[in-house]
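Before reading the answers, please have the sequence and the model side by side.

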Amino acid sequence: MDIKAKVDEVVAKVKDDPNFANEFQSNPIGAVEKVIGVDLPDDVINNVVETVKQKLSGEGSIVDKIGDAIGGLFGKKD
């Protein structure tokens, strides 16, 4: 699973879909899991949620760090 791509997908959905944006605001973990389609460990999903929030606020540089840190969980090594 490409976490960076999933983060981008969630960010795009938040920006494009007001209903999803409201869902993300009220239940970010549930909203992210809905887009990703899998139940991730709490520490991973919390990092994804925080990355999405940072990217939405214009602080996207952390995406690479988190993606690299958790990418190994899915067998992806760059």
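Q: Why is helix 2 called oblique to helix 3?
A: The axes of helix 2 (residues 18–26) and helix 3 (residues 28–36) come within 5 Å and cross at roughly 130°, where axes are lines fitted to C-alpha atoms, for helices over the stretch in contact, and angles run from 0 to 180 degrees between N-to-C directions. Angles under 35 degrees count as roughly parallel, over 145 as roughly antiparallel, 65 to 115 as roughly perpendicular and the rest as oblique, and helix 2 is therefore oblique to helix 3. This is a predicted model, in which local features need pLDDT of at least 70 and side-chain atom pairs count only at pLDDT 80 or more, whereas totals for chains, interfaces and linings use all residues. Residues are numbered from 1 along each chain as its sequence is written, and side-chain values use heavy atoms, with hydrogens and water left out.

Q: What makes up the contact of helix 2 with helix 3?
A: Contact means heavy atoms within 4.5 Å, and Phe-20, Glu-23, Phe-24, Gln-25 and Ser-26 in helix 2 meet Pro-28, Ala-31, Val-32, Lys-34 and Val-35 in helix 3. These residues divide into six nonpolar, two polar and two charged, with Ala, Val, Leu, Ile, Met, Phe, Trp, Tyr, Cys and Pro counting as nonpolar, Asp, Glu, Lys and Arg as charged, and the others, Gly among them, as polar.

Q: Why are the buried residues of helix 3 said to be on the same side?
A: The buried residues of helix 3 are Pro-28, Ala-31, Val-32, Val-35 and Ile-36. They cover an arc of only 130° around the axis, which puts them on the same side of helix 3; the arc is that of the directions from the helix axis to the C-beta atoms. The buried residues of helix 3 pack against helix 1 (3–16), helix 2 and helix 4 (42–56).

Q: Why does Val-32 count as buried?
A: Buried means under 20% relative accessible area, exposed over 50%, and partly exposed in between (1.4 Å probe, protein chains only); Val-32 is at 0% relative accessibility and therefore counts as buried. Leaving aside neighbours within four places in sequence, Val-32 is in contact with Val-10, Phe-24, Ile-45, Val-48 and Val-49.

Q: How many helices and strands does the chain have?
A: Helices (H or I, at least four residues) and strands (E, at least two) are DSSP runs, numbered from the N terminus, and the chain comes to five helices and zero strands.
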